[in-house]
Amino acid sequence: MPDLMAAPHQPTPAAGDQPVSYRSNRLRFFVMVAALGLVALSFVFWVALPPNLKAEFTLSQAVTLLLILGLFVFALLIVGNGVVRADADGLSFRNGLSRHRYPWSRVHQVVMRPGDAWAQVLLIPTDRAVEVAADLDHRMLMGIQRGDGTYATAAVEDLNRRLKAARQHPHG
C-alpha cells in the first residue's frame, strides 16, 4: 500500500555537496487540520451562542478570546514546522522555535531506533571525553518523524551517508 502522506518531493540522496531539507509532511498535515479545526469550531461555537450571551461579551473579552485562539494556532504551527537541513558543512535543524547548527565533525550518527517517534542526532560533546555511547549528546530531529515511514528511513540513511562522505573528504 503506498504511503499517501509521504513527502511528495523525496530528496534524492546526493554525494553530500548538494543541500537537502527534510520535513515531516504527515505532521504538517495533521497540524494544519487541527489548526483549521480549532478555528472552525471556535467560529461555530460563537455563531451558536444565543444573541443575549454574545451581547454580554465586552470588546476586550472578545479580543482576548481571539488572541488566545491565535496563540493556540501559532503553537500548533510552530510544532509542525520542524525541518532538518544538511549541506557540505554540516547539519542544521529547527525544533519548534529553537534552531541548531552542527558541523559534521561534531556529528557521531543520526539514528531512529524502533519505537522512536522521531530521529535523533548523536553529537560528540566538546566539554568531555566520550567513553561509551551514553556520553554522546542527543538532539531530537523533529523534521524526521517515524510516521512518515519510508521517507523518514531514507532521510536517516541519507544523513548518515552524508556524514560518512564528510569524514572521508573533510571541508576546508
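In the predicted model, β5 and strand β6 (residues 118–123) pair in the antiparallel sense through 4 bridges, where strands are DSSP runs of E of at least two residues, numbered from the N terminus, and pairing requires that DSSP finds at least two bridges between the two strands. Within this pairing, Gln 109 has Leu 122 of β6 as its bridge partner. Both strands belong to an open sheet of 3 strands with the order β5-β6-β7 and antiparallel pairing. Because β5 (107–111) and β7 (137–145) stand at the edges, each with a single partner strand, one side of each lacks a neighbour in the sheet. Neighbouring strands of this sheet are turned against each other by 25° on average, direction ignored.

Helix α4 (residues 150–168) packs on the sheet and touches β5, β6 and β7, a contact being heavy atoms within 4.5 Å. The direction of α4 makes about 165° with that of β5; axes are lines fitted to C-alpha atoms, for helices over the stretch in contact, and angles run from 0 to 180 degrees between N-to-C directions.

The protein comprises 4 helices and 7 strands, arranged from the N terminus as β-α-α-α-β-β-β-β-β-β-α, with helices taken as DSSP runs of H or I of at least four residues. Of its 172 residues, 33% are buried, that is, under 20% relative accessible area with a 1.4 Å probe, protein chains only.

Residues are numbered from 1 along each chain as its sequence is written. Local features need pLDDT of at least 70, side-chain atom pairs count only at pLDDT 80 or more, and totals for chains, interfaces and linings use all residues, while side-chain values use heavy atoms, with hydrogens and water left out.

Technical notes: Buried < 20%, exposed > 50% of the residue type's maximum accessible area, 1.4 Å probe, protein only.
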